[in-house]
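Dear colleague,

I am handing over the structure below, and the notes that follow it set out what was found. Please read them with the model open beside you.

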Amino acid sequence: MRSIWNGAISFGLVSIPVKLVNATESHAVSFRQIHTEDGGRIRYRKVCELEDREVAQDEIGKAYEDADGSMIPITDEDLSHLPIPTARTIEIVAFVPEERIDPLQMGSAYYLAASGAPAAKPYTLLREALGRSNRVAIAKFALRGRERLGMLRVVGDAIAMHGLLWPDEVRAPEGVAPDAGVTVRDQELDLADALMDTLGEIDLDDLHDEYREALEQVIAAKAAGETPPETREEAAPGKVLDLMAALESSVRAARESRGGEGAGPAEEAEVRTLPQRTPSRRTPKQTGGRKSTSTAARKTAAKKTEAKKSAAKETEGKETEGKRTEAKKSTASAAGKSTAKSARPGKKTAAKSAAKKTTGKSAPARSTDRKTPPRKRSA
């Protein structure tokens, strides 16, 4: 790779000779401007306004246009004697965690190659120190007529440098976000999470420029005198006004597109169907595991009903026992009366018994062996 800058990395008192090479390249298809009537090339020629003639590249220099329109010439020698230490040096000024760097600041990427054998040892030292500390180096350097900010980090066995914009060159995102307040529901976030899970991850090496490939096919067909392939027109999607419906359709489409590719996350994604909201008079359940008032009331009423039933059963049982007891008492009373009637002697018999008791007190006792003569029966 051809170097675009030669200098040294200033790491404290250590100087590391390096060469700067581009770390990226463009594969975009470039076009030339032509005259549509005859196909002739359209070229830009550098013409001097004062002499009205085309000038060669070695006759062209640099100048600064002042506010009044006058030109102030600046030569390469003037630029080489700028009073800054970064004219030929990448000066490391700090080491910070990589997450401290805003991606908006990152620009062109370069590789720093060790220049010569003496640079191998300090180059390796800086690379290993960066790798062990998990930090990146912030440096200043001058390139193409201006001082720039850079970030040094380890890429494989090499040190890469990203050109950074100065903090005041990054615009604040004012007026970019929606002005109106927007509320996003949890159900919408759940569907968005399901869509992200369905799309899953991808290996960036599998991505390619489809536009460039299609453009190369068109160029190849026209060069061979064939009809260029036409792009299949896809039906324009209808305007979806419901965000939930759009998210659900996106999840289904992502699953269908990834179904044949064996994407793991697509199988694990879950779409939760939202319940239809219908008006209800029921009191909503309270959070925190507490039961609703209606449920507690129903349970309390049920308990009261059970208590009433139990009390009724006890009362009924008592009444039944009482009736049985009364019946027994009535039966016993009736039996006692019947016995009393059968055992009650007549008036005469009672009188005789009383007379016998009275006589027995004054007269001597008679023998119980004496038999009473039978009475004569009347005819």
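**Overall picture**

The protein chain has eight helices and eleven strands, these being DSSP runs numbered from the N terminus, with helices (H or I) of at least four residues and strands (E) of at least two. This is a predicted model, in which local features need pLDDT of at least 70 and side-chain atom pairs count only at pLDDT 80 or more, whereas totals for chains, interfaces and linings use all residues. Residues are numbered from 1 along each chain as its sequence is written, and side-chain values use heavy atoms, with hydrogens and water left out.

Of the 379 residues of the protein chain, 15% count as buried, where buried means under 20% relative accessible area, exposed over 50%, and partly exposed in between (1.4 Å probe, protein chains only). The chain exposes about 31800 Å², of which carbon and sulfur atoms supply 52%; accessible areas come from the Shrake-Rupley method with a 1.4 Å probe, and for residues only the protein chains shown count as cover.

**Salt bridges**

A search of the whole structure finds eight salt bridges, each defined as a side-chain nitrogen of Lys or Arg within 4 Å of a carboxyl oxygen of Asp or Glu. Glu51, Arg53 and Glu59 are linked in a network of such bridges, and within it the closest N and O atoms of Glu59 and Arg53 are 3.3 Å apart. Glu59 is partly exposed at 47% relative accessibility, as is Arg53 at 36%.

Glu128 and Arg127 also meet through their side chains in a salt bridge (3.1 Å, N to O); here Glu128 is partly exposed, at 46%, while Arg127 counts as buried because its relative accessibility is 17%. In the salt bridge between Arg185 and Glu188, the closest N and O atoms are 3.5 Å apart, with Arg185 partly exposed at 35% and Glu188 buried at 12%.

**His162**

His162, which is placed in strand β11, is buried, with a relative accessible area of 10%. Its side chain makes a polar contact with the side chain of Arg153 (2.9 Å), a polar contact being a pair of N or O atoms within 3.5 Å; within protein, one must be able to donate a hydrogen and the other to accept it, and residues adjacent in sequence count only if both atoms are side-chain atoms.

With kind regards
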